[in-house]
Amino acid sequence: MTIELLNREALKPTVQEHIPRPAATEAQLQLLSWAAPVAILLAWEVASRAGLIAPQVLPAPSSVAETAWRLTVSGDLFKHLGASLLRAAIGFVIGGAIGFALGVLVGFSRVAEASLDRSIQMIRAIPFLALLPLVIVWFGVDESGKIFLVALAVLFPIYINTVLGIRQVDPKLLELARVTGLSRMKTIRKIILPGAMPSILTGVRYALATAWLALVVAETVATTSGIGFLAMDAREFLQTDVIVLAILIYAVIGISADGLARFLERKLLAWHPNYAKEGRK
Amino acid sequence: MTTDTAVIVRNLRRRYGERVVIDGLDLTIRKGEFVALLGESGCGKTTLLRALAGLDPVNGGQIDGPKQPAVVFQEHRLLPWASLWENVTLGVDTAQGRKQAEAALGEVGLAGREEDWPRNLSGGQAQRVALARALVREPQLMLLDEPFAALDALTRIKMHVLIRELVARHRPGVLLVTHDVDEAIAIADRILVMRNGGIAASYLTADIAPPALRETLLQELGVESDSRAA
Ligand SMILES: Nc1ncnc2c1ncn2[C@@H]1O[C@H](COP(=O)(O)OP(=O)(O)OP(=O)(O)O)[C@@H](O)[C@H]1O
Ligand SMILES: [Mg+2]
C-alpha cells in the first residue's frame with residue numbers, strides 16, 4: 001500500500017511534464033505581431049534622421065505625425081476628411097439602394113431577370129475606373145461626378161450578392177411559409193431577407209472596399225476639398241509629409257470600413273454559427 | 001362534413017406526368033383521432049400528405065378539410081435567424097403571440113428557452129419546437145411526415161409519449177406518416193396501409209393485440225415476420 005502510494009507520488013511530476021504547454025499566450029502572440037511594423041517604423045525614423053532618406057522622397061514618421069497634428073489643430077484635417085467621408089457615404093447610399101432594389105427585383109422575378117440582368121452584367125463588365133474620362137465630361141469636376149463613381153462601384157457587388165442571396169434561400173423554408181400561411185410581405189420580411197442577409201452583407205463588405213477605391217481615384221482627378229485634394233495640393237509643393245499622411249488616412253478609412261462591415265455581420269448574423277460568439281443571444 | 005371530422009378525402013388522384021401515384025384514394029379522419037399511415041417506400045405517402053397540406057396540386061377528387069392544416073416535416077425547419085418563440089408563432093397574428101409561444105414551449109418541455117436560437121438545440125429539442133409551432137395554431141388537422149425518423153431510439157420513445165399527450169389535450173385529427181410499424185402501434189388509434197395508390201387496409205389498434213397487429217402489418221408491407229424465430 002505505502003509503496004504504491006509513494007510510487008504514485010513519484011510519478012506525479014513526470015505526468016505533469018507530459019502536459020503540453022502552450023507555446024505562447026494569445027497576448028504574447030498579439031505583441032509579437034506588432035513587433036515587425038514597429039521595428040520598420042523605427043528603422044525608417046532612424047534612417048531619415050541620419051539623412052539616408054531625403055525628406056522629399058519619404059519624410060520621417062515623426063514629421064508626418066507633426067503634420068497630422070498641425071492639420072488637426074488648424075481644423076483642415078477634419079474639414080477634408082469630412083468632405084471625403086460625406087462623398088463616400090452619399091455614393092454608397094445611392095449605389096447601395098439602387099443595387100439592392102435591382103437585386104430584390106431580379107431575385108424575385110424571372111421577368112425582371114430576363115429584362116434587366118443582361119444589361120446590368122454588361123455594364124458590370126466595364127472596369128468602372130475606365131469610365132473616368134467620360135464621367136469628367138458628363139459631370140465636370142464637381143461633387144456629382146465623384147458621387148457617381150462611388151455609387152457605380154457600390155452598385156454591382158450589392159446587386160450581385162442580393163440576387164444570389166435571394167436565390168439561395170432554402171426552398172424548404174419557403175414551403176414552411178406556405179404551410180404557416182405567411183403573407184407575401186411577411187415571407188419576404190421573415191424568411192427571404194434574413195436568409196439572404198449573409199450574402200447581402202458579403203456584398204456590403206466588398207462594396208465598401210470598392211467604394212473606397214473609387215473615392216481615392218475620383219478625388220485624385222480634380223477637387224477643392226477632401227483627402228485626395230490634400231494629397232494633390234501637397235504634390236504641387238513637394239510636401240511629401242502631407243502626401244504620406246493622406247495615404248495613411250486612406251488606409252485608416254479602409255480598415256474602419258472593414259471593421260464596420262464586420263460589426264454589421266456580428267450584429268445582423270448573431271444567429272449564424274459562423275459569426276456568433278460562444279453561447280446564447 | 002360534420003363538426004366531428006377533421007378531414008374527408010374522396011376519390012383523390014395525383015400523378016406525376018404519366019405515373020399515377022394516388023388513384024381514387026378515400027380517407028376520413030375524425031378530430032382527436034390519431035391515424036398512422038404505413039406503406040412501402042415510394043408508394044405515395046408523402047405525396048398524399050403534401051396534397052392534404054395544400055403544398056401540391058391534385059389531379060382529381062376532393063379534399064374537404066381545413067385550408068391551413070399544421071405540418072411537421074422530417075426536418076424541424078426552424079428559421080435559424082429567429083428566436084424559438086418567434087419560430088413557434090410564425091404566421092400567428094395575435095397580440096398574445098409571446099404568451100402563446102411560452103405556453104406551447106412549456107408543453108413540449110422547453111419552458112424558459114423562448115429567447116434561444118435554434119442552433120443551440122439538440123435534434124429532439126428542435127423537433128419538439130416544430131411540434132409546438134404546429135400546436136400553437138390549434139389546428140383541426142395535423143400532418144406529420146416521419147417527424148421522428150432522424151431521432152435516436154430513446155428520444156423517439158419520449159416523443160411518442162409527448163405527442164400522445166399533446167394530441168389528447170388539443171384533439172386535432174392527426175395523420176402520421178411513418179416507416180416504423182412499432183411506432184405506429186405505439187401511438188396511433190388507427191393504422192392505414194397504403195398500396196397501389198389507395199388505402200389497402202385499416203386496423204384499429206384497440207381491436208388487436210400488439211404482437212398480432214405487428215405481424216399482420218409486416219405481412220401487409222411484404223416483410224417476412226421474424227417474431228416466431230425470435
Ligand atoms: N416531384 C416529383 N416528380 C416526379 N415523381 C415524383 C415526385 N415526387 C415523388 N414522385 C414519385 O411519386 C412516388 C411517391 O413518392 P412519395 O414521396 O410520395 O413516396 P413515399 O411513400 O413518401 O416514400 P418514402 O416512404 O420513401 O418517403 C414515387 O414513385 C416518386 O418517385
Ligand atoms: Mg415520404
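Before the residues, a definition: a residue is near a molecule if one of its heavy atoms lies within 4 Å of it. Please also keep in mind that this is a predicted model.

With that cut-off, how many residues surround ligand 1? There are 13, and the closest are Ser41(B), Gly42(B), Lys45(B), Thr46(B) and Thr47(B). By kind, the shell around ligand 1 divides into three nonpolar, six polar and four charged residues.

Now the polar contacts. In the side chain of Ser41(B), an N or O atom is 2.5 Å from an oxygen atom of ligand 1. Cys43(B) takes part through its backbone: an N or O atom there lies 3.3 Å from an oxygen atom of the ligand. With Tyr16(B), a polar side-chain atom lies 3.3 Å from a nitrogen atom of ligand 1.

What share of ligand 1 does the protein bury? Taken alone, ligand 1 exposes 630 Å², and the protein buries 61% of that. Two or more residues of the shell come from each of strand 2 (19–30) and helix 1 (45–52) of chain B. Helix 1 of chain B gives the most, with three residues.

Next, chain A. Leu86(A), Ile90(A), Ile94(A) and Ile98(A) make a nonpolar surface patch of about 330 Å². Take Ile94(A), found in helix 4 of chain A, residues 76–108. Is Ile94(A) buried, partly exposed or exposed? Its relative accessible area is 40%, so Ile94(A) counts as partly exposed.

Conventions
Residues are numbered from 1 along each chain as its sequence is written. Chains are lettered from A and ligands numbered from 1 in the order in which they are written. This is a predicted model: local features need pLDDT of at least 70, side-chain atom pairs count only at pLDDT 80 or more; totals for chains, interfaces and linings use all residues. Side-chain values use heavy atoms; hydrogens and water are left out. A polar contact is a pair of N or O atoms within 3.5 Å; within protein, one must be able to donate a hydrogen and the other to accept it, and residues adjacent in sequence count only if both atoms are side-chain atoms. Accessible areas come from the Shrake-Rupley method with a 1.4 Å probe; for residues, only the protein chains shown count as cover. Helices (H or I, at least four residues) and strands (E, at least two) are DSSP runs, numbered from the N terminus. Ala, Val, Leu, Ile, Met, Phe, Trp, Tyr, Cys and Pro count as nonpolar, Asp, Glu, Lys and Arg as charged, and the others, Gly among them, as polar. Patches are made of residues with over 30% relative accessible area and no salt bridge: like charges are joined within 9 Å, nonpolar side chains (Val, Leu, Ile, Met, Phe, Trp, Tyr) within 5 Å. A salt bridge is a side-chain nitrogen of Lys or Arg within 4 Å of a carboxyl oxygen of Asp or Glu. Buried means under 20% relative accessible area, exposed over 50%, partly exposed in between (1.4 Å probe, protein chains only).
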